[in-house]
Amino acid sequence: LNMFGYTTETMDMLLYPMAVGGKEALGSMGNDAALAVLSTQPRNVFDYFKQLFAQVTNPPIDPIREEMVMSLVCPVGPEANLLVAGPEHCARLMVNHPILTLEEMEAIKTSDFKG
């Protein structure tokens with residue numbers, strides 16, 4: 001596979017986990033390698049014709065795999081001062097997900113509570 005430009009690192013970090021375990025490969029989003037034309041190391045011929053695009057700054061939200069570090073809970077209502085604890089913090093509706101069913105929307109509309 002070296003003939004096709006796969007390095008040992010590519011095999012160990014990207015291809016091996018996918019082939020053996022069926023897991024998504026882990027890799028960096030950036031490319032800090034020198035341009036092929038300026039590199040002192042031998043490079044693949046494909047590297048000389050590669051166009052660099054803007055790096056992704058907003059990866060897609062994946063609440064299932066990233067549930068330890070993110071949440072879809074949406075607080076609805078006026079936001080009080082976070083530095084001063086008070087009863088106004090309890091006047092917000094916490095919605096578990098950003099999409100409401102018709103029944104949930106109707107329950108909010110008909111509620112007597114006005115936060």
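These legends go with several close-up views of a predicted model.

View 1. Residues are numbered from 1 along each chain as its sequence is written. Since this is a predicted model, local features need pLDDT of at least 70 and side-chain atom pairs count only at pLDDT 80 or more, while totals for chains, interfaces and linings use all residues, and side-chain values use heavy atoms, with hydrogens and water left out. You'll find two helices and two strands here, running α-β-β-α from the N terminus. Helices are DSSP runs of H or I with at least four residues, strands are runs of E with at least two, and both are numbered from the N terminus.

**View 2. Confidence along the chain.** The mean pLDDT (the predictor's confidence in each residue, from 0 to 100) is 78 for the chain, and 81% of the residues score at least 70. Which helix has the highest confidence? That's H2 (residues 102–110), at 90, whereas H1 (residues 8–21) comes lowest with a mean of 82.

**View 3. Surface and burial.** Of the 115 residues, 4% are buried; buried means under 20% relative accessible area, exposed over 50%, and partly exposed in between, with a 1.4 Å probe and protein chains only. The accessible surface is about 10,600 Å², and carbon and sulfur atoms own 63% of that. Those areas come from the Shrake-Rupley method with a 1.4 Å probe, and for residues only the protein chains shown count as cover.

**View 4. A nonpolar patch around Val-37.** Leu-35, Val-37, Leu-38, Val-45, Phe-46, Tyr-48 and Phe-49 make up this surface patch, with about 860 Å² of accessible area together. Patch residues have over 30% relative accessible area and no salt bridge (a Lys or Arg side-chain nitrogen within 4 Å of an Asp or Glu carboxyl oxygen); like charges are joined within 9 Å, and nonpolar side chains (Val, Leu, Ile, Met, Phe, Trp, Tyr) within 5 Å. Val-37 sits in the loop between H1 and strand S1 (74–76) and is exposed, at 64% relative accessible area.

**View 5. His-89 and its contacts.** His-89 belongs to the loop between S1 and strand S2 (93–95) and is partly exposed, at 29%. Neighbours within four places in sequence aside, His-89 touches Ala-80, Asn-81, Leu-82 and Val-84, where contact means heavy atoms within 4.5 Å. Gly-77 is twelve residues away along the chain, with 9.7 Å between its C-alpha and that of His-89.

**View 6. Ile-99 and the cysteines.** Ile-99 is placed in the loop between S2 and H2 and is exposed, at 65% relative accessibility. Its C-alpha is 9.7 Å from that of Cys-74, 25 residues apart along the chain. Cys-74 is partly exposed at 25%, while Cys-90 is exposed at 65%.
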